[in-house]
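User: I would like to learn how to read some features of a protein model. Please take them one at a time.

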Amino acid sequence: MRELMKGNEAIAEAAVRGGCRAFFGYPITPQNEIPEYMSWRMPEVGGCFVQAESEVSAINMVYGAAASGARVMTSSSSPGISLKQEGISYICGAELPCVIVNMVRGGPGLGGIQPAQSDYFQTVKGGGHGDYKMLVYGPATVQEAVDIMYDAFDKADKYRIPVMLLGDGMLGQIMEAVEIPKMKDSASFPKKEWATDGTGVGEKRRVINSLYIEPDVLEAINHKLFDVYSELEKHEVRFEEYLTDDAQTIIVAYGTVARIAKSAVNLLRAQGIKAGLLRPITLFPFPTLAIEKLAKKKNVKDFLATELSMGQMVEDVRLSVNGKKPVRFFGRTGGNVMLPEDIVNAVLEGK
Amino acid sequence: MSVVYKKSKMLTDTPFHYCPGCTHGVAHRIVAEVLEEIGAEGNVIGIAPVGCAVFAYNYFNCDIQQVAHGRAPAAATGAKRCNPDKIVFAYQGDGDLASIGTAEIVHAAARGENITVIFINNAIYGMTGGQMAPTTLLGQKSTTSQKGRSAIVNGNPIRVSEMLAVLDGPSYIERVSLGDVAGVIKAKKAVKKAFENQKAGKGFSMVEMLSTCPTNWGMLPLDACTFVKKEMTKVFPLGVFKDI
Ligand SMILES: Cc1ncc(C[n+]2csc(CCOP(=O)(O)OP(=O)(O)O)c2C)c(N)n1
Ligand code: SF4
């Protein structure tokens, strides 16, 4: 049954249905509906909820819970996600599964509370220290966010990595009709033999750790982590193409901006201009090959990356296009959101 | 021949890396013996800090997590909330607990998290080579207070047990000394009470142990014990600060 739900609440319920039984967070706009929802929903399903004293603490509660085998998540927005970076680095180092939501707002500093996409670098290039990656999704609709969240804990458990859902204020606040899938059966979840659930002793004792004093051992760990990341690149890349077959201009956009870009493609087509859209759904792994393939096509003349930032994802588009075609950028910031006509104009300026 | 003393089965066979005369090893032994005595084997999640005790994960014979500097009470909260039937303890130094991790320890205590914290106060940053700790005594030399800690320049030492005791959350807080045998015996009693409180669901308990760091204090082990007894206890008086 489809229900009208606010993005943040739908995402929270999808997490519950996907098996989440522990939530640790700290208030920050525009994601407060997630902890608010979890504060009553977790106890209802036999899970736990703690409002932590800070985001630093919240992510370390996630660490302790994930390390002991729980399906656990946290959510925040940009300034809070900055504070979580230490914990995220440790979580990656210790190979712990968890889910993190970032409803991005404008920055730097306290910035604003309106939608932005300016945390892309922090998210996909590693905002904390050390060589690590997360599996990062940039959903465009509430339904897509729900579907991604529903499976996010499975992905996290499968690869023993954090999964991040990178949304923005718009996705969190918008109300859309959504279908939330039914509760997953916890009996189907993978057994976590590695987890420090307290039963380990002697030979069966387990240690969760990210400290490796021997250079060769740490290097081997770094390679092991990157083997997982290349598995992600093989199996988890997701993107959508819209009218790219005969397109001359490819617009690349993710998240809610991709919806605006889709309208722009329709407006351009109505004017007889062959535009198409490539929408990355996973931001790491990035749909590099799909973009490279388009760049090699004769009919494709140029690319326009459009984002709510000064230009971050555009760098990955350029790396993927690798000089084969021009790549231009159009962005709005500060919490301002472009209209489809703005993107149309940005495409026309390049003609 | 009869066995009069043996290593607790809650310790692994890995030899401690601690310096000669360091009482971290004594604290480990006490915790392990108490865990064994309360029958917690196969029922324990330990949290190791950043500091000299980081390798505690090699020593305690239980599931154990090494966590970020100062965040042990937060990780312990996550582990305990998801495994309420397990004994969860955090083992932290004074840089870890009383400096970078003040927010985490204060709020875990205030929430009355049903965990046990073993707080090793050696008045110095051991692992990083003897820098000033929040607990360094006035006049005490460290590599970052080379003429001795001055209240004006470096601020005053923090008394964590007294601070936490004013909160409603903690069920039990005691400061003990590892400076002599009598102190060690008392320390063990305190640790036992702390873990029994957790078993009984009474909420947060912490045992602060005045501990030696002969290496970074530049003292012989016996002199270090004397320093604990004579100097540290003046600033950090022993006793029970909370018991409900
Ligand atoms: C975020 C962070 N800052 C600094 C350090 C470096 N560091 C490692 S141990 C330590 C101090 C440990 O001192 P204490 O907690 O008193 O424990 P001890 O070694 O004396 O037992 C510091 C500052 C670190 N690992 N992480
Ligand atoms: S440096 Fe100090 S605290 Fe660390 S093991 Fe040596 S004596 Fe103990």
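Analyst: What follows covers helix packing, a pocket and some backbone features. This is a predicted model, in which local features need pLDDT of at least 70 and side-chain atom pairs count only at pLDDT 80 or more, while totals for chains, interfaces and linings use all residues. Residues are numbered from 1 along each chain as its sequence is written, chains are lettered from A and ligands numbered from 1 in the order in which they are written, and side-chain values use heavy atoms, without hydrogens and water.

User: At what angle do helix H1 and helix H6 of chain A pack?

Analyst: Two packed helices are described by the angle between their axes and the distance between the axes. Helices (H or I, at least four residues) and strands (E, at least two) are DSSP runs, numbered from the N terminus. Axes are lines fitted to C-alpha atoms, for helices over the stretch in contact, and angles run from 0 to 180 degrees between N-to-C directions. Here H1 (residues 7-17) and H6 (residues 142-159) of chain A pack at about 25 degrees, with axes 8 Å apart. H1(A) and H6(A) are therefore roughly parallel (angles under 35 degrees; over 145 is roughly antiparallel, 65 to 115 roughly perpendicular and the rest oblique).

User: Which residues of H1(A) and H6(A) meet?

Analyst: Contact means heavy atoms within 4.5 Å. Among the residues that meet are Ala10(A) and Ile11(A) in H1(A), and Met149(A) and Phe153(A) in H6(A). The residues of this contact of H1(A) with H6(A) divide into ten nonpolar, one polar and one charged. Ala, Val, Leu, Ile, Met, Phe, Trp, Tyr, Cys and Pro count as nonpolar, Asp, Glu, Lys and Arg as charged, and the others, Gly among them, as polar.

User: How many residues line the largest pocket?

Analyst: On a 1 Å grid over the protein atoms alone, a pocket is an open set of points with protein on both sides within 12 Å along at least five of seven lines, and lining residues have an atom within 4 Å of a point; a cavity is a set where a 1.4 Å probe fits but cannot get out. The largest pocket has 22 lining residues, with Ser68(A), Gly69(A), Ala70(A), Arg71(A) and Lys192(A) nearest its centre. Its lining divides into six nonpolar, seven polar and nine charged residues.

User: Where does Leu243(A) lie, and what is its phi?

Analyst: Most residues other than glycine have a negative phi, and most peptide bonds are trans. Leu243(A) is not a glycine, yet its phi is positive, about 55 degrees. Leu243(A) lies in the loop between strands E10 (239-242) and E11 (249-252) of chain A.

User: Which residues does a cis peptide bond join?

Analyst: One such bond joins Thr29(A) and Pro30(A), with omega about 10 degrees. The bond from Gly107(A) to Pro108(A) is also cis, with omega near 0 degrees.
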